[in-house]
Amino acid sequence: MSLADPVLLAVGLLVAAALAWAAVAAARRRAAALASAGVAPGGRARLGGVWFTIAGVAVLAVAVAGPAASVPVSRASGTVILAMDVSGSMAATDVTPSRLAAAKRAALSFINAQPDKVDIGVVAFQRGGLEAALPTADHATAAAAVARLRTGGGTSLGDAILASLSAITHKTVSVGRDGSTPNIGYWPSATIVLFSDGQDQAGAASGPDTSLAAAAAAAEKAGVHIDTVGVGTTAGTTVEVDGYHLFTALDVAVLTSISHTTGGTYHPASDASELNGIASSINLRLTVTHEPLPLAGAFIALALALLATGAVLTVARTGRVI
């Protein structure tokens, strides 16, 4: 507990102590006078009201000093990066009207559902990752960035994660040639929400994309959760990209692995209706802050109760208020 003005508390307690000393001195003088007259003293019962009154003064002294307690308060705050897959496979229509259109609608719904204390950024990723909008409390900026997204190019999920981490930290984040993860500090109030079909083309020519595991490890090391949203169907469909007809299907395993590595959650969305509910299914990290809780009112109420009790006892035993 903290006090806004400890001096007032000291003065009030001195007054209460002085009253207690005066009450004890008066009781002793009265007891001595009664004893000399041969009358048995009954001062304790008579002083009951006085002690309640003095206790009320002491509690009132605490109240005027402005007591406050520091209490933890959980609130949604921090940074959210919406990592949007705009690769050619997101033009597929196995989710109506298309994967990207449905993902954009879900992302806009997510933005509108967030409180003002959440900074939102948008990263549109193809191969290499493209930062579209830095995190800001101006949610209209993020919404406009999402609305401008168009499909094109390939997908590197590892680069998407690194681009999102760069947006969070406001500095370039990269993985070492040996696959080592960078130390970018700890960002427990940051979350990445990745909308993708999971089609990772970064390692198409040379095998699995080792940078994806390293990028996810970098996010986990920094305390950044990645919630993945699977856009598309596992049955898949054919889409035309640069004049070629390519088969594309939702890769649940890749997206689930990313979310589990970072402590996030995978959210399946095989149709538009499931995507519309994404805003309510994603739980952002809660930041715990400590805020002062004024206690003066409680102490005043207690003081009034004590003073009232003292007055009642005084009147009941002596017939006088004082």
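Methionine 84 contacts Ala103, Lys104, Ala107, Val122, Val123, Ala124, Phe125, Leu149 and Phe195, leaving aside residues up to four places away in sequence; contact here means heavy atoms within 4.5 Å. The model is predicted, so local features need pLDDT of at least 70 and side-chain atom pairs count only at pLDDT 80 or more, while totals for chains, interfaces and linings use all residues. Residues are numbered from 1 along each chain as its sequence is written, and side-chain values use heavy atoms, with hydrogens and water left out.

Met84 also belongs to the largest nonpolar core, of 31 residues, where Leu82, Met84, Val193, Phe195, Val229 and Leu275 touch the most other members. A nonpolar core is a set of buried Ala, Val, Leu, Ile, Met, Phe, Trp, Tyr and Cys residues joined through side-chain atoms within 4.5 Å, and buried means under 20% relative accessible area (1.4 Å probe, protein chains only). Helix α4 gives the most to this core, with seven residues. Apart from it lies another core, of 29 residues, including Ala167, Val173, Ala218 and Leu250.

What of leucine 60, buried or partly exposed? Leucine 60 counts as partly exposed because its relative accessibility is 34%, and partly exposed spans the range between buried and exposed, the latter being over 50%. This leucine sits in helix α3.

Finally, how far can the model be trusted? The protein chain averages a pLDDT (the predictor's confidence in each residue, from 0 to 100) of 80, and 83% of the residues score at least 70. Over residues 203–210, pLDDT stays under 50. Where pLDDT is low, the predicted coordinates should not be read in detail.

How values were computed
Helices (H or I, at least four residues) and strands (E, at least two) are DSSP runs, numbered from the N terminus.
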